[in-house]
Amino acid sequence: MRVRVATTALGITAALLAVPACSTDTTGSEHQTSSSRMGKPTDAAREPAALSSAALESRLLDPRDLGSGYLPKPERPAQHDDVKVIGCPALSELGGDAATGGTLAFPHRAKVDFTYGGSSSEISEELYSDSVKKLSDGIGRIFDAMTGCPAYQVVSGGTPVDVTSQKLPAPTVGGDERWSLLLTFIAGGRSTVVKQTAIRDGNLLLVVSGSPALVDRHLDKALAKATVTS
């Protein structure tokens with residue numbers, strides 16, 4: 001598996017999610033174990049058009065939404081280290097070249113990162129728009145793979161990172177499908193815990209990642225702003 005990533009905990013998390021999102025799987029049922037479904041994806045003929053990247057960007061949280069202490073995090077230059085996944089065949093099988101910068105491979109997307117209180121606490125929000133089937137199959141397949149491997153190792157640029165994953169109960173904040181997991185990264189004797197929650201609402205996908213307390217604090221607000229219709 002060749003993936004280009006930033007060699008940080010959040011960067012690795014995003015990169016593992018950045019495998020090809022347009023799955024050719026047509027079973028439609030294998031992802032239900034990792035998500036909470038409110039209904040089947042709607043027929044493509046009745047779906048509204050995908051939102052543009054500019055429209056998605058306007059729906060991202062900003063410092064005014066988050067409150068005091070949050071600062072936008074500058075985008076890192078793209079890294080070109082090879083990443084190898086050891087001990088998780090399901091992730092390896094998703095293979096292919098990932099998008100540089102750690103975003104999912106949907107054409108319409110927007111992303112923002114924040115640090116909090118001058119500490120190592122971070123929160124990242126990503127928005128994507130595509131057909132319901134592509135969003136559902138893509139994100140569902142990835143979460144299934146990640147939660148199906150309770151422990152594996154990622155080697156990035158020669159640096160080994162031990163990863164453990166834990167499936168969490170899906171949040172009850174709304175949307176049509178929901179996924180959540182907890183990842184622990186251990187490298188160089190230091191550990192970082194990252195919570196990642198994804199919510200599909202129609203043809204829009206929200207992914208919030210970062211320090212568990214920050215994800216829990218701002219998930220409702222992120223979903224409300226992302227799904228606003230005006």
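Lysine 134 lies in helix α5, which covers residues 132–147, where helices (H or I, at least four residues) and strands (E, at least two) are DSSP runs numbered from the N terminus. The model is a predicted one, in which local features need pLDDT of at least 70 and side-chain atom pairs count only at pLDDT 80 or more, whereas totals for chains, interfaces and linings use all residues. Residues are numbered from 1 along each chain as its sequence is written, and side-chain values use heavy atoms, with hydrogens and water left out.

With a relative accessibility of 38%, lysine 134 counts as partly exposed, because that class lies between buried, under 20% relative accessible area, and exposed, over 50% (1.4 Å probe, protein chains only). The C-alpha atoms of lysine 134 and phenylalanine 106 are separated by 8.6 Å, although the two residues are 28 apart along the chain. From its first C-alpha to its last, α5 reaches 22 Å, close to the 22 Å expected at 1.5 Å a residue, the expected span being 1.5 Å times one less than the number of residues in the helix.

The protein chain as a whole contains six helices and 10 strands, and buried residues make up 46% of its 230 residues. Among contacts (heavy atoms within 4.5 Å) between residues at least 6 apart in sequence, 68% join residues at least 24 apart. The chain exposes about 10700 Å², of which carbon and sulfur atoms supply 52%; these areas come from the Shrake-Rupley method with a 1.4 Å probe, and for residues only the protein chains shown count as cover.

Helix α6, which spans residues 212–226, has 15 residues and reaches 20 Å from its first C-alpha to its last, close to the 21 Å expected at 1.5 Å a residue. At histidine 218, α6 bends by about 45°, the bend being the angle between axes fitted to the seven residues ending there and the seven starting there. The buried residues in α6 are Leu214, Val215, His218, Leu219, Ala222, Leu223 and Ala226. An α-helix has 3.6 residues a turn, so residues three or four places apart point the same way. The elements against which the buried residues of α6 pack include β4 (108–116), β5 (122–129) and β9 (190–201).

Strand β5 is also the place of glutamate 125, which counts as buried at 3% relative accessibility. Glutamate 125 and leucine 60 are 65 residues apart in sequence, yet their C-alpha atoms are 7.2 Å apart in space. When neighbours within four places in sequence are left aside, the residues in contact with glutamate 125 include Arg59, Leu60, Leu61, Val112, Val208 and Ala222.

Rolling a probe the size of a water molecule over the atoms shows where empty space is left. On a 1 Å grid over the protein atoms alone, a cavity is a set of points where a 1.4 Å probe fits but cannot get out, and its lining residues have an atom within 4 Å of a point. Grid points are joined across faces, edges and corners, and a volume is the space filled by probe spheres set on the points. By this rule, the count comes to one cavity of 30 Å³ or more, and the largest cavity has a volume of about 50 Å³. Its lining consists of Leu61, Leu66, Phe114, Ile123, Ser124, Glu125, Val208, His218 and Ala222. Both β5 and α6 supply at least two residues of this lining, and the largest share, three residues, comes from β5.

Glycine 118 is placed in the loop between β4 and β5 and is exposed, with a relative accessible area of 81%; glycine 118 and leucine 71 are 47 residues apart in sequence and 8.5 Å apart in space, C-alpha to C-alpha. Isoleucine 186, found in strand β8 (residues 177–187), is partly exposed, with a relative accessible area of 38%. Not counting residues up to four places away in sequence, isoleucine 186 touches Pro160, Val161, Asp162 and Ser191.

Notes. 1 Å grid on protein atoms, 1.4 Å probe; cavity = no way out; pocket = protein on both sides within 12 Å on 5 of 7 lines; lining within 4 Å.
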